[in-house]
Amino acid sequence: MSAILSSTTGPQVPLTSPVHLLLADEDPAGGPHSTLFRRSQGPRAELYRLRPGVYTPRKEWESLPNAKRHLVRILANAHAPRGRRTGVLARESAAVVLGIPMIGPLPNRLQFVLPGGRHGDNTPLAHVSTAPEDTPIVVAHGLPVTNPAQTAVDLMRHRSFQSGLVTLDHVLRERLATPEELLDIVETQPRRQGNSRARLCLKHGDARSESVGESLSRAVVIEQHLPIPDLQVSYYDRDGRFVARVDFAWPELRRVGEFDGAGKYRREVSGVASERALLDERQRENRIEVVTGLKVIRWTWDDLMRPERFLRILANGGIVPLR
């Protein structure tokens, strides 16, 4: 059976490069960039070579974060001659195209699979793996990629548990795949490296998680053997009036948790609107605590990026390891 090729749902617009892509074959001798192309080697060159014949201004390239650099490499590869294209984008490269989030650095090389291929290959620009001939493939933004379910399983297998849970929650929330579809991929290849990590992710995946920060928070809680919270819980007063819906709830501990993904932004932006937002948050927390008797624990991206500080915030709020 050949690979399954289909189109993703919704309108398909080409991906846009965050930097200028300059093509040598579109700038003949004497063109505006021809001199730069001839001087494109070495650390002091004004252009950075992405692949043969495709360049970008070095200053623009050096200003990009790692994730954006990976996207630029994907777009540069799309300009390779048809006979020299490598295969189907997979793993991190497929996730970038599909908009699937990950945690941690991305590989410098593009990731490809060759469905039905006999052997993979590695070059300075690409890592190519073999894959079953019936590997499901979709076309996203005009590029062939492994479908969301296969991409998610590959990421859960090969990246950290934290990254895998972030990926899985997103895929479930956006209904890109069902838990049954994902488990079926794992079970049909029982000896694949990383399957145990994928199964652990599938055990804890939850479509109710509403953001990368919430998923990452839960991953840390699970890794540290802390009590696992319920998600997106609503509370009402004695008259049945809605009080609040919280990100995390530990009802047995009389605690609720709130991940404030915009906290850093609000601290950096001065003015009345920022102060008002902070006051509103404090009043909301007070109402939750007064009406429900629950203690509110709050953390931000800054806290989450410093695990010791995040765990200390939870411990101070009474969330401590089960063992």
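Q: Where is confidence lowest and where is it highest in the protein?
A: This is a predicted model. Where pLDDT is low, the predicted coordinates should not be read in detail. The protein has an average pLDDT of 86, and 82% of the residues score at least 70. Helix α6 (residues 161-173) has the highest mean, 98, while helix α10 (residues 263-268) has the lowest, 48. Over residues 264-272 pLDDT stays under 50, and the model has 9 contacts beyond four places in sequence for them.

Q: In what order do the 4 strands of the open sheet come?
A: The order is β11-β12-β13-β14, with mixed pairing. β11 (230-236) and β14 (295-300) are the edge strands, each pairing on one side only. On average, neighbouring strands are turned by 45 degrees against each other, direction ignored. Strands β12 (residues 242-250) and β13 (residues 255-260) are antiparallel and share 3 bridges; W250 stands opposite R255 in β13.

Q: Which strands does helix α9 touch?
A: Helix α9 (residues 212-223) packs on the sheet and touches β11, β12, β13 and β14. Helix α13 (residues 307-316) lies across β12 and β14, at about 175 degrees to β14.

Q: How many residues line the second largest pocket, and which lie nearest its centre?
A: Rolling a probe the size of a water molecule over the atoms shows where empty space is left. Here the second largest pocket has a volume of about 370 Å³. Its lining has 24 residues, with P132, T135, Q150, Q189 and R192 nearest the centre. β8 gives the most to this lining, 4 residues. The lining divides into 9 nonpolar, 10 polar and 5 charged residues.

Definitions and conventions: Residues are numbered from 1 along each chain as its sequence is written. This is a predicted model: local features need pLDDT of at least 70, side-chain atom pairs count only at pLDDT 80 or more; totals for chains, interfaces and linings use all residues. Side-chain values use heavy atoms; hydrogens and water are left out. On a 1 Å grid over the protein atoms alone, a cavity is a set of points where a 1.4 Å probe fits but cannot get out, and a pocket is an open set with protein on both sides within 12 Å along at least five of seven lines; lining residues have an atom within 4 Å of a point. Grid points are joined across faces, edges and corners, and a volume is the space filled by probe spheres set on the points. Helices (H or I, at least four residues) and strands (E, at least two) are DSSP runs, numbered from the N terminus. Ala, Val, Leu, Ile, Met, Phe, Trp, Tyr, Cys and Pro count as nonpolar, Asp, Glu, Lys and Arg as charged, and the others, Gly among them, as polar. pLDDT is the predictor's confidence in each residue, from 0 to 100. Contact means heavy atoms within 4.5 Å. Two strands pair if DSSP finds at least two bridges between them. Axes are lines fitted to C-alpha atoms, for helices over the stretch in contact, and angles run from 0 to 180 degrees between N-to-C directions.
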